[in-house]
Amino acid sequence: VVYTQSEILQREVYLFERLDSPNREPMKHLKAICFLRPTKENVELLVQELRRPKYSVYFIYFSNVISKSDVKALAEADEQEVVAEVQEFYGDYIAVNPHVFSLNLLGCCRGRSWDPAQLTRTTQGLTALLLSLKKCPMIRYQLSSEPAKRLAECVKQVITKEYELFDFRRTEVPPLLLILDRSDDAITPLLNQWTYQAMVHELLGINNNRIDLSRVPGISKDLREVVLSAENDEFYANNMYLNFAEIGTNIKNLMEDFQRRKPKEQQKLESIADMKAFVENYPQFKKMSGTVSKHVTVVGELSRLVAERNLLEVSEVEQELACQSDHSSALQSVRRLLQSPRVSELDAARLVMLYALRYERHASSGLPALLEELRGRGGTDRYRKLVSAVVEYGGKRVRGSDLFSPKDAVAITKQFLKGLKGIENVYTQHQPLLQETLDQLIKGKLKDSQYPYLGPNTLRDRPQDIIVFLIGGATYEEALAVFNLNRSNPGVRIVLGGTTIHNTRR
């Protein structure tokens, strides 16, 4: 996720191995750089390696804090004195975007409480992030969530125990870590998306910046898996937060630009200068050709899925469920789509889940009938069970905040005005709850009664450096909200993290 293979090659690193791969050949002429998580298993593997070293010298980097006893075990194994250095290099998380990170953990809680191993892993990931950004933050957490409180306490314990590591130069306004729970907003990960990055994750799935296109009809061999990374792909960097309509236009421009730069097939390479120019321009051209074919394929596949699964219509009803409060109209719309053969089983289930979350306590709830209809479609109870699981996870009983009601007349007017700006906004009316929470936080209006501080100290000034972490996973729609907040609030820097990055399937 951090480095491309060609970038590493430029640094003269020619061989990549995993520590646990068996039968590696001894190569005494090579130096080894080891980059590892400081787990018991890894330390044990390293001990075995040092007893019978395969390379001349070892430079060992751990992605997090390593215990003294583990360092001692390594020292004892290093009888041939091949270790040149051991360092802690804090990178125990996945950097997804410049302002987004993930721990790639699925299913971090059992019911309402942490899975102990996942709590440890999450604490490690968060503290490594703080160390790599050189932040010793004040901590606030969502009061309605027991897991949020537990995580806040665990992070605080590490900061207290490793106080020397966290002894950074004090800033005027201390940084703030805000810990939230996904169950407060189960709506956002269930919605179809219409900005490029979020849409790719929703329809194709992004895994460590890779996209699996092997199921695309007639796909060529070299496009079965592609990498989408804003670091090395200018088109992606410029388009990841744009709406699908704009991307179509931009792809067309990219294609036309590419056609213009194509080396003329019948170009005569007569002089040495001609040949030199051709050779110099060819790598640029080759790179551009790769970018064009990749994005044309991805956008083509997104268009195909949108048409095949009737997603414009589905999305319109989802947005109605998430943002309006006209029960009878919503119920009719959901019924209509459940009867359409063009709506996939997943999309049907998603609509019923959204309806259940929105109208679970409505006097004339149509949920039982909708569940029957779902069952009739698939012939199994699988999706029925999922609907009740989603309500149990993110229903009214669980939520600490008011997910649906507009707070006051001003908010209602704002929503109304927003709806008038251009018709394509029908598909992007929804704002994640996170947007409002962060907005309140930046303005210094986030209630201490709902989001208390851990410990006696509180921030007197408005926060400038904010790290917000979502237990149970963040989404690319929230990444977009944070990107926009960073852009519209100069002087405020927000980093968003989650145990994973969700789409509906996840």
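Q: Buried means under 20% relative accessible area, exposed over 50%, and partly exposed in between (1.4 Å probe, protein chains only). Is T437 buried or exposed?
A: The structure above is a predicted model, where local features need pLDDT of at least 70, side-chain atom pairs count only at pLDDT 80 or more, and totals for chains, interfaces and linings use all residues. Residues are numbered from 1 along each chain as its sequence is written, and side-chain values use heavy atoms, leaving out hydrogens and water. T437 has 7% relative accessibility, so T437 counts as buried.

Q: Which helix holds T437?
A: Helices are DSSP runs of H or I with at least four residues, strands are runs of E with at least two, and both are numbered from the N terminus. The one with T437 spans residues 433–442 and is α16.

Q: Which residues does T437 touch, not counting residues up to four places away in sequence?
A: Touching here is contact, with heavy atoms within 4.5 Å. With those sequence neighbours left out, the partners of T437 are L178, L446 and Y451.

Q: Is R112 buried, exposed or partly exposed?
A: The relative accessibility of R112 is 41%. Therefore R112 counts as partly exposed.

Q: What separation do the C-alpha atoms of R112 and K286 have?
A: Along the chain, R112 and K286 are 174 residues apart. Their C-alpha atoms are separated by 52 Å.
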